[in-house]
Amino acid sequence: MSVDPQQLLRELFATAIDAAHPQQVLEAHLPADRSGRVIVIGAGKAAAAMAQVVERCWQGEVTGLVVTRYGHGAPCEKIEVVEAAHPVPDAAGLAVAKRVLELVSDLNENDRVIFLLSGGGSALLALPAEGITLADKQSINKALLKSGATIGEMNCVRKHLSAIKGGRLGKACWPATVYTYAISDVPGDLATVIASGPTVADPSTSAEALAILKRYAIEVPASVRTWLQSPESETVKPGDPSLARSHFQLIARPQQSLEAAAVKCRQAGFSPLILGDLEGESREVAKVHAGIARQIVLHGQPLAAPCVILSGGETTVTVRGNGRGGRNAEFLLSLTDSLKGLPGVYALAGDTDGIDGSEDNAGAIMTPDSYARAAALGLSAGDELDNNNGYGYFEALDALIVTEPTRTNVNDFRAILILESTKHDA
């Protein structure tokens with residue numbers, strides 16, 4: 001089979017990103033009646049690209065304001081685009097959240113609001129609840145990011161410390177009609193978890209948020225604990241009449257991207273195996289992937305090579321070292337350490353938003369000679385993993401993937417390409 005494994009992996013990654021891009025997925029979901037005035041608000045890494053689509057397709061008056069991550073903006077003529085910090089919120093995110101809330105706080109039943117939501121919205125739309133400071137939210141956010149907490153757990157805490165999340169933005173829009181269009185970046189595609197669900201009812205409780213903070217031994221100021229123990233901290237619950245005119249539509253999800261990549265695999269002559277949306281520690285998830293890859297190479301199970309293992313979702317990293325690297329570099333470093341140069345196995349792990357954690361790369365590529373090449377440079381995969389230094393490891397191998405911001409986000413994409421099996425039938 002004449003195929004360039006690294007080129008195919010890059011093409012699969014590009015296919016996954018394209019399948020979730022606002023330019024491909026948003027227009028078909030907009031209201032059939034696109035006349036009249038609409039107020040557009042939004043938050044997330046895809047917010048600016050989504051705003052561009054609305055501007056292009058809407059026939060009536062368009063005004064609004066969206067916030068996206070620094071570097072993820074796009075030129076709009078009618079909708080203001082503001083950039084702020086992610087994953088730890090900053091003053092710019094706080095200021096724009098206040099403006100968004102003000103923009104929708106005096107509407108009537110004839111008004112229509114389009115809310116453009118994508119991954120990253122939690123940090124970008126940061127408006128602390130009464131008595132809680134931005135510094136409080138920043139320190140808690142940093143601690144959660146290092147703790148190994150899942151995205152669902154992090155967002156449970158975030159929305160109970162917020163004046164805008166957990167359905168509160170939707171409640172502020174009442175009695176206007178609200179259309180939320182969301183690109184999912186979370187396992188399970190739950191509307192309550194995507195960017196902490198600003199316009200949807202939330203069944204989680206403040207008691208659960210306190211339990212999460214206790215589970216991960218995260219110290220919080222007395223003001224935060226007092227707030228979470230008060231009834232006022234509860235989010236907008238299912239059945240609340242203020243959300244009766246709020247509509248939620250998922251327009252892109254990780255599964256769509258995995259399926260698009262699977263089609264590309266088949267076209268190239270490889271059998272795809274989709275593992276789906278996964279959670280867990282990056283290094284541990286990598287060990288499971290390594291086990292499956294090894295079983296395919298040695299025994300032709302659960303499918304025969306040539307094949308590609310595909311998975312998505314959002315893994316976590318419990319930070320123990322001082323190295324550089326996001327969860328995709330961590331995954332790939334652990335995979336490299338587990339496989340130790342298993343012949344015929346190539347892999348790519350990247351974040352579909354183009355940024356792996358806080359670094360300038362989307363991810364990296366592993367080849368069968370990565371382990372040996374790094375060792376020749378004096379780099380131990382196990383030692384670098386202990387230091388959470390996936391970025392440094394793959395930078396030394398010139399194996400980082402740099403895409404720049406993609407302006408979409410269906411979270412992680414992983415592809416393990418296996419060229420052949422060593423199994424011989426008796």
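Predicted model: local features only at pLDDT ≥ 70, side-chain atom pairs only at ≥ 80, totals over all residues.
Biologist: How are two packed helices described?

Modeller: Two packed helices are described by the angle between their axes and the distance between the axes. Axes are lines fitted to C-alpha atoms, for helices over the stretch in contact, and angles run from 0 to 180 degrees between N-to-C directions. Angles under 35 degrees count as roughly parallel, over 145 as roughly antiparallel, 65 to 115 as roughly perpendicular and the rest as oblique. Here H6 and H7 pack at about 170 degrees with their axes 10 Å apart, and they are therefore roughly antiparallel to each other.

Biologist: Which residues of H6 and H7 meet?

Modeller: With contact taken as heavy atoms within 4.5 Å, Lys-137, Ile-140, Asn-141, Leu-144 and Leu-145 in H6 meet Met-154, Val-157 and Arg-158 in H7. That contact has five nonpolar, one polar and two charged residues, where Ala, Val, Leu, Ile, Met, Phe, Trp, Tyr, Cys and Pro count as nonpolar, Asp, Glu, Lys and Arg as charged, and the others, Gly among them, as polar.

Biologist: At what angle do the axes of H7 and H9 cross?

Modeller: The axes of H7 (residues 151–160) and H9 (residues 206–215) cross at roughly 125 degrees and come within 9 Å, and the two helices are therefore oblique to each other. A crossing is left-handed if the near helix is turned anticlockwise from the far one by less than a right angle, and right-handed if clockwise; the crossing of H7 and H9 is left-handed. On the H7 side, Glu-153, Cys-156, Val-157 and His-160 meet a set in H9 that includes Ala-209, Ile-212 and Leu-213. The residues of this contact divide into five nonpolar, two polar and three charged.

Biologist: Is the crossing of H1 and H11 left-handed or right-handed?

Modeller: H1 passes H11 in a right-handed crossing. The axes of H1 (residues 5–19) and H11 (residues 254–267) come within 8 Å and cross at roughly 140 degrees, which makes H1 oblique to H11.

Biologist: How is empty space found with a probe?

Modeller: Rolling a probe the size of a water molecule over the atoms shows where empty space is left. On a 1 Å grid over the protein atoms alone, a cavity is a set of points where a 1.4 Å probe fits but cannot get out, and a pocket is an open set with protein on both sides within 12 Å along at least five of seven lines; lining residues have an atom within 4 Å of a point. Grid points are joined across faces, edges and corners, and a volume is the space filled by probe spheres set on the points. The largest pocket has a volume of about 830 Å³; its lining has 44 residues, with Pro-87, Leu-145, Arg-327, Gly-357 and Ser-358 nearest its centre. By class, 14 residues of this lining are nonpolar, 17 polar and 13 charged.

Biologist: How many cavities of 30 Å³ or more does the structure hold?

Modeller: There are three cavities of 30 Å³ or more, and the largest cavity contains about 80 Å³ of space. H5, H6 and H7 each give at least two residues to the lining of the largest cavity, with the largest share, four residues, coming from H6. The second largest cavity holds about 40 Å³, and its lining includes Thr-336, Lys-340 and Tyr-371.

Biologist: What backbone geometry do most residues and peptide bonds have?

Modeller: Most residues other than glycine have a negative phi, and most peptide bonds are trans. In this model a cis peptide bond joins His-86 and Pro-87, with omega about 10 degrees, and Pro-87 lies in the loop between E3 and H4. Another cis peptide bond joins Ala-305 and Pro-306, with omega about 5 degrees, and Pro-306 is in the loop between H12 and E8. Lys-340, although not a glycine, has a positive phi of about 50 degrees, and Lys-340 is placed in the loop between H13 and E9.

Key. Residues numbered from 1 in each chain as written. Heavy atoms only, no water.
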